[in-house]
Amino acid sequence: MDWGVSNSYNNQSLKGNLGRHLSSRHAGYDKMGDCANSPAPQLVTVAKKPPTQAKLPAIELDHLNWLLIKWLLVASLPTSTMAEKWLTNSFKFLNPSVELWREEKFHTVLRDVFRSMQESVRLIVEQISSKVSITLDSWTSYEQIRYMSITCQWIDENWSFQKVLLDICHIPSPCGVSEIYYALHKVLRLYNLENKILTCTHTLKGNMDIQKLPAFCYIPCAAHTLNSIVNVGLRNTKSVFSVISKIREFVMELNSSLEMPEDFLQFTTAYQEGNWKFPLDASARWSGSYQMLDIARKASRSMETVIRKYEEQLGSRLLLNPMEKNVLNIMHNYLEPFYKTINNMCTSKVLTIGMVLFFMDHITETILSCKDSRQTPEWLKAAAEDMYLKADCYSRQVCNAFTYMTAILDPRIKVELIPEYLNKESYLEEARSHFIRNYANGYSPFMSNSYSSQELEGGGGESASFAEEIARKKRRVSMNAVTDELTQYLSEPPVPMLMDVLDWWKVNSSRYPRLSLMARDLLAVQSTAVLPEDVFCSKGDEIERERLSTSQYDAQALLCVKSWMQSGIKLKYKSIEIDCESIMELAVASAAESSSRSLAKTYMRRSHT
């Protein structure tokens, strides 16, 4: 989605002279241009050239600093990077006239960009017509500073899911409920969202004291919960953990070698042991751990052949003994339903509460089946017991009327496929009451007011009482019509699992004009506080490294602006859009022109000699 403003900072407003200097080479690059106190870059017009000249416009020297700002954002590098002398010298090697901003100036400009883009985000949020949900994700940096990201999600009028990062907050010590409340309330007040929020999905550890936080429903992140369940199963069984470590060491040797992968692929083809793509995922996350089991289970002969061929380099210690192979096969069979569930969660277009509860209920059943089976070895039973405790804790946390309402509005789930612990008659009645109380009045104006006994006993006498009696009958008719929408919806069988939920509601909103309003609000409720692939896959390692390494000096501006750019919001400095792509295109064109001119001069010199 393209959210932006009208002014644009691009090749229509650039001037300067970087391009023609790119081929220059000069000695002595230790003097750094001091632009710390220079004014912010101003828009200037391109000087008019005689019509006979076809010369390309040149890029202004100061615009190089904007390209560096973009580089810092994309690479998630702190502004202290610009204090590196080698970086300044490298640019001066290309052009001795280059004057880079000082670190303090880069930081000041980045903060101004943050404030300007935050205003754009505020205007976006201001236009949301439905209820919204928020997610909280917390982490600790290398400086042992606690941060919390706050993201807003909603479904727009076209039934498209939208989300935008609101802020990244520093949670002061001791990082308790009071500090979290203060940081959260401050952001919600800034965006005027206090009265528009339905739920908060979070990754905050421990039991949150709901009474001390803003009054809306709190849901634990299903992705983090499931990841915790899996990790308990893997790490609490030492025999499995040691086997995975051994296989991971083999895979890392494969990834770092030139010859071994070719041999491995040849052997897997010869033994018909599947297709494998390098580099193999050797991360310590779920995706890597399961692939270790997968390789040893499905390509065991190829793995053993490669180890024996390179035994001098790898040693025989990486070979699996019969007991280890047996443990591996048992654990692989047990975790296969987890793999399928996680894969579905990571690939779902809209991961609704209903679908996640459906998946998590399946996981709980798998754990219970393992735990209660007589054929399960004792070491796996013990692991399953610990896994069940975590799964049961999640079930108890999400067992409430609100998650029930959210789940049944997924047309693939409805009442038929919600977990047994959630299927309560009292929750259905509460859903009906919530529907009538909050979504009927917009379509039934005569339901919007009620009268107290004192008002009825006031002026008007019998005529007022008679009129009220008629009105009450009409209200009952209206209530029946409203509840019929919910009854009709629930009476129909669930739609196929492959159905796009938002597309279904978009098509059927005319059939359920009131219920679709409720669905639009509640289907925006998030089952996970982060993308599932950020938890289960190696991509999460990149995000973790980025967060851990960002200093307090830059964290908020750097991470927020990067996220907003990825959401399609224009890079903005005060009232000016910074079009770095156009600046880069102009720089490339100027460099090409300069290079062509240099080659032409060289050719002329040679022709004269």
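H7 crosses H9 in a right-handed way (right-handed if the near helix is turned clockwise from the far one by less than a right angle, left-handed if anticlockwise). The model is predicted, so local features need pLDDT of at least 70 and side-chain atom pairs pLDDT 80 or more, while totals for chains, interfaces and linings use all residues. Residues are numbered from 1 along each chain as its sequence is written, and side-chain values use heavy atoms, with hydrogens and water left out.

**Helix pairs**

Two packed helices are described by the angle between their axes and the distance between the axes. Axes are lines fitted to C-alpha atoms, for helices over the stretch in contact, and angles run from 0 to 180 degrees between N-to-C directions. Helices (H or I, at least four residues) and strands (E, at least two) are DSSP runs, numbered from the N terminus.

| Helix pair | Angle | Axis distance |
|---|---|---|
| H7 (260–270) and H9 (300–309) | about 140° | 9 Å |
| H5 (222–235) and H13 (378–398) | about 165° | 8 Å |
| H14 (401–408) and H15 (425–439) | about 75° | 9 Å |

Start with H7 and H9, which pack at about 140°. That angle makes H7 oblique to H9. Angles under 35 degrees count as roughly parallel, over 145 as roughly antiparallel, 65 to 115 as roughly perpendicular and the rest as oblique. H7 brings Met-260, Asp-263, Phe-264, Phe-267 and Thr-268 to the contact (heavy atoms within 4.5 Å), and H9 brings Ser-302, Met-303, Thr-305, Val-306 and Lys-309. These residues split into 5 nonpolar, 3 polar and 2 charged. Here Ala, Val, Leu, Ile, Met, Phe, Trp, Tyr, Cys and Pro count as nonpolar, Asp, Glu, Lys and Arg as charged, and the others, Gly among them, as polar.

H5 and H13 pack at about 165°. H5 is therefore roughly antiparallel to H13. Their crossing is right-handed. On the H5 side, the contact uses Ala-222, Thr-225, Ser-228, Ile-229, Val-230, Val-232 and Gly-233. H13 answers with Ala-383, Asp-386, Met-387, Lys-390, Ala-391 and Tyr-394. The contact of H5 with H13 counts 8 nonpolar, 3 polar and 2 charged residues.

H14 and H15 pack at about 75°. That makes H14 roughly perpendicular to H15. Ala-401, Tyr-404 and Met-405 of H14 touch Tyr-427, Leu-428, Glu-430, Ala-431 and His-434 of H15. The tally is 6 nonpolar, 1 polar and 1 charged.

**Cavity and pocket**

Both kinds of space are found on a 1 Å grid over the protein atoms alone. A cavity is a set of points where a 1.4 Å probe fits but cannot get out; a pocket is an open set with protein on both sides within 12 Å along at least five of seven lines. Lining residues have an atom within 4 Å of a point. Grid points are joined across faces, edges and corners, and a volume is the space filled by probe spheres set on the points.

The structure holds 1 cavity of 30 Å³ or more. The largest cavity has a volume of about 70 Å³. Ala-296, Ser-300, Met-303, Glu-304, Ile-307, Leu-318, Leu-319, Leu-320 and Lys-325 line it. H9 gives the largest share of that lining, 4 residues. By class, the cavity lining has 6 nonpolar, 1 polar and 2 charged residues.

The second largest pocket holds about 370 Å³. It is lined by 18 residues, and Ile-168, Cys-169, His-170, Lys-186 and Gln-556 are the closest to its centre. Strand S3 (161–171), helix H4 (177–190) and helix H22 (555–566) each give two or more residues to the lining. H4 supplies the largest share, 5 residues. The pocket lining divides into 11 nonpolar, 3 polar and 4 charged residues.

**Backbone details**

The peptide bond from Ser-173 to Pro-174 is cis, with omega near 10°. Pro-174 sits in the loop between S3 and H4. Another cis bond joins Phe-278 and Pro-279, with omega about -5°. Pro-279 is in the loop between H7 and helix H8 (286–298). Asn-192 is not a glycine, yet its phi is positive, about 55°. Asn-192 lies in the loop between H4 and strand S4 (197–202).
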